[in-house]
Amino acid sequence: MPNWRQSDVFSPLEREVLEYAEAMTNTPTTVTDEMSASLLEQLGAAALVELTTFIAFANMASRANTAHGITSQGYSDSCEIPLAKRPDTAGVASGA
């Protein structure tokens, strides 16, 4: 979902969740107190813990799969919608 910022299909809360997920995945992480506080206010403590845990698990699984050489299962190969172009990542730390 490299173009989520340009898309108009996400609600303001969904945009905050996507920004939070992206910040958690950056190396080093870039989550701010303001991000956490806003999501805590909107979602509540239990949901914020669940969201954080899910993002952390997905990130860990992705990194472990990469380290073990596990590649895509090819689902996008049969999709008629072309993959979005990745944004320019110059100056951004690698997630690998």
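At what angle do helix 1 and helix 3 pack, and how far apart are their axes? In this predicted model, helix 1 and helix 3 pack at an angle of about 45°, with their axes 10 Å apart, and the views below take up this pair together with the other parts of the chain.

**Figure 1. Overview of the chain, which comprises 3 helices and 0 strands.** Read from the N terminus, the elements follow the order α-α-α; helix 1 spans residues 12-25 and helix 2 spans residues 33-43, while helix 3 covers residues 45-67. Of the 96 residues in the chain, 12% are buried. Among contacts between residues at least 6 apart in sequence, 47% join residues that are at least 24 apart.

**Figure 2. Close-up of the packing of helix 1 with helix 3.** The axes of these two helices lie 10 Å apart at an angle of about 45°, which makes helix 1 oblique to helix 3, and their crossing is right-handed. On the side of helix 1 the contact is made by V17, Y20, A21, M24 and T25, and on the side of helix 3 by L48, L51, T52, I55, A56, N59 and R63. Sorted by class, the residues of this contact divide into 8 nonpolar, 3 polar and 1 charged.

**Figure 3. Close-up of the packing of helix 1 with helix 2.** Here the axes are 11 Å apart and the packing angle is about 140°, so helix 1 and helix 2 are oblique to each other, given that only angles over 145 degrees count as roughly antiparallel. The crossing of helix 1 and helix 2 is left-handed. Helix 1 contributes L13, E16, V17, E19, Y20 and A23, which meet M35, S36, S38, L39, Q42 and L43 of helix 2. The residues of this contact comprise 7 nonpolar, 3 polar and 2 charged.

**Figure 4. Close-up of the crossing of helix 2 and helix 3.** The axes of helix 2 and helix 3 come within 7 Å and cross at roughly 125°, and the two helices are therefore oblique to each other; helix 2 passes helix 3 in a right-handed crossing. The residues that make this contact are S36, L39, L40 and L43 of helix 2, together with A45, A47, L48 and L51 of helix 3.

**Figure 5. Close-up of the cis peptide bond that joins T27 and P28.** The omega angle of this bond is about -5°. P28 is placed in the loop between helix 1 and helix 2.

**Figure 6. Close-up of the salt bridge between R5 and E22.** The count of salt bridges comes to 1, and in the pair formed by R5 and E22 the closest N and O atoms are 2.6 Å apart. Because R5 lies in the segment before helix 1 and E22 lies in helix 1, the pair ties together parts that are 17 residues apart in sequence. With a relative accessibility of 45%, R5 counts as partly exposed, and E22, at 33% relative accessibility, likewise counts as partly exposed.

Key
Residues are numbered from 1 along each chain as its sequence is written. This is a predicted model: local features need pLDDT of at least 70, side-chain atom pairs count only at pLDDT 80 or more; totals for chains, interfaces and linings use all residues. Side-chain values use heavy atoms; hydrogens and water are left out. Helices (H or I, at least four residues) and strands (E, at least two) are DSSP runs, numbered from the N terminus. Axes are lines fitted to C-alpha atoms, for helices over the stretch in contact, and angles run from 0 to 180 degrees between N-to-C directions. Angles under 35 degrees count as roughly parallel, over 145 as roughly antiparallel, 65 to 115 as roughly perpendicular and the rest as oblique. A crossing is left-handed if the near helix is turned anticlockwise from the far one by less than a right angle, and right-handed if clockwise. Contact means heavy atoms within 4.5 Å. A salt bridge is a side-chain nitrogen of Lys or Arg within 4 Å of a carboxyl oxygen of Asp or Glu. Buried means under 20% relative accessible area, exposed over 50%, partly exposed in between (1.4 Å probe, protein chains only). Ala, Val, Leu, Ile, Met, Phe, Trp, Tyr, Cys and Pro count as nonpolar, Asp, Glu, Lys and Arg as charged, and the others, Gly among them, as polar.
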